[in-house]
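Subject: Structure for your files

Hello,

Here is the structure I said I would pass on. My notes on the sheet and the nonpolar cores follow it.

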Amino acid sequence: MKVFIGQMNPIVGDIEGNFNKVISAAREGDAAGADCICTPELCLTGYPPLDLLERRDFLELSDSFISYLKGRLPKERMVIVGAPLREMIHGQERLFSAAYVFHKGAIVDVIKKTLLPTYDVFDESRYFTTNNEKPRVMKFGKERIGITICEDIWNDERFNRKRRYDSDPLEELMKKKPTVIINISASPWEMNKHLYRRELIQHASKRWKTTIVYVNQVGANDSLIFDGGSLVVRNGKILFAAPRFTEASSAFDLVAYVKKPPADLPKIADLMDALTIGIRDYFHKLGFSRAVVGLSGGIDSAVVAVLAVRALGAENVLGVLMPSEFSSGHSVSDARALVKALGIRELTLPIQGPFAAMKDVLRTGVGRSMFTEAEKERAMKDDVTEENLQSRIRGMLLMSLSNKYGYLMLATGNKSEMSTGYATLYGDLCGALAPIGDVLKSDVYALARHINTSMNNVIPENVLVKAPSAELKPDQTDQDTLPPYDVLDDILHLYLEDGKSIEEISKTHKRATVIWVVSTLHKNEYKRRQAPCILKVSRKALRPGRVFPIVQKYHTRF
């Protein structure tokens, strides 16, 4: 039996466009002589469609295109398409995530998803109903085919130390003795998850002595990045591995063996590819092509600028320098060296004038108001107010360029800063997308070093070795406010991703520092709710997948 894997990059809500992708994959599979053509989970609607699933007109359009497929797909091939299914049960309309099976111009079966994830970024039980039908297989030539959908193969008690569900649909399906399991999936990427996923599929294939064809979505939708990485695995051995972070289609004969799958990229290279496709799809799927980035001469803006060039092309990136009276000479020269190395356009907008004017307005207004003398005196002294004012002026200028010329602004804040509130609300947090908002500062440095290794040292060395600084007052460094980044990042990783308690983390870090980091993290939830869309790359991003109340007293108990 020859299977065709259509590793697609659908656009959420573009049912007609996704329909055309399915047709294209089916024709390619037909030309390759494939017996079975497979597409990802909910590929007709794109994943995740979220509250679009609550709109009747959206579901009716999906149903219409499912009907159109019957007459457009190659009749001699079995074609599996992921899409929503509406069904009346006991007088109530229920919605399922389903795999439609087409053959000879008809829908010959519809398989419903059983396990509906409601953790991390998933909320599928909000929209879908759990399948309660008994598993079944289909005979196709000499093969007995069982079809599963994404999560339905993720609950193996021998592989997972902690099962999320009482049932294991794959175990139940194997009682029907299928020879081939096809799993259509939309499994989001995070660092190292593809390794876990691959081990899971290898384990299941070996345990059940069967062949698993795993077909995953690729591309990015909002914050979620999908890496593809579709697989064919027999008895634990990988026979075929599709490329990652790119659309791909391949026909594979299940009786064949192939060469060793391509080697895994280093973790940091994987991260760079993921962030690149995250930016590219966010822009292109929204209908934008050009980005504006504020260049401070620091590490964060340098990395974001490089990622923007990789995603959109140098001709579509504008770097804006906005020096102030506190900007060092090397910050300007480092930013200009980066601009030259990347071949992007540069614009310089000094902010001394607007900064002086805004301070004058603020102080004049306070002086003429009902404030007390003590309050008026306080207004005359520079403090964090004036520091943040500079950041907000820069954000205003960048957003103005975005409005004027149709660029989307990329925010340059990293996860370390966003966690502690060090990123300025309405300043650093301005923008349409925060590409490194889920990347800790230490990983930003690792990204920069990898970029220089792979891209001929485009980031000036001085950017990597100088002390990080917001340069909002004389001789300022980040560590005037924050713990050293290696300490801060380790605490954040232990608390956010590993779920460690204050007491556990205090065994390896100073308790006072741990308390400061955790309490600051919780106090700044209101800022993050107003931040741009953040590309999710870790197990526990600040958004999405982490749902904490803004108003709460957890942080005050320490």
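Please keep in mind that this is a predicted model.

I began with a strand pair. Strands E3 (residues 78-89) and E4 (residues 92-103) run antiparallel and are joined by eleven bridges. Within this pair, Ile-89 stands opposite Gln-92 in E4.

Both strands belong to an open sheet of six, ordered E5-E4-E3-E2-E1-E14, with mixed pairing. The edges are strand E5 (106-112) and strand E14 (248-253); each has a single partner strand, so one side of each has no neighbour in the sheet. On average, neighbouring strands here are turned by 35 degrees against each other, ignoring direction.

Two helices go with this sheet. Helix H1 (residues 15-31) packs on the sheet and touches strand E1 (2-7), strand E2 (36-38), E3 and E14. The direction of H1 makes about 150 degrees with that of E2. Helix H2 (residues 56-72) lies across E3, E4 and E5, at about 135 degrees to E3.

On to the cores. The largest nonpolar core has 53 residues, and Ile-225, Leu-271, Leu-275, Leu-295, Val-303 and Ile-459 have the most contacts inside it. Elements giving two or more residues to this core include helix H5 (267-286), strand E15 (291-295) and helix H12 (441-454). Helix H6 gives the most, with eleven residues.

Leaving aside neighbours within four places in sequence, Leu-275 is in contact with several residues, among them Leu-307, Pro-435, Leu-447 and Val-537.

A second, separate core has 39 residues, including Phe-19, Ala-26, Cys-43 and Phe-65.

Regards

Notes:
Residues are numbered from 1 along each chain as its sequence is written. This is a predicted model: local features need pLDDT of at least 70, side-chain atom pairs count only at pLDDT 80 or more; totals for chains, interfaces and linings use all residues. Side-chain values use heavy atoms; hydrogens and water are left out. Two strands pair if DSSP finds at least two bridges between them. Helices (H or I, at least four residues) and strands (E, at least two) are DSSP runs, numbered from the N terminus. Axes are lines fitted to C-alpha atoms, for helices over the stretch in contact, and angles run from 0 to 180 degrees between N-to-C directions. Contact means heavy atoms within 4.5 Å. A nonpolar core is a set of buried Ala, Val, Leu, Ile, Met, Phe, Trp, Tyr and Cys residues joined through side-chain atoms within 4.5 Å. Buried means under 20% relative accessible area, exposed over 50%, partly exposed in between (1.4 Å probe, protein chains only).
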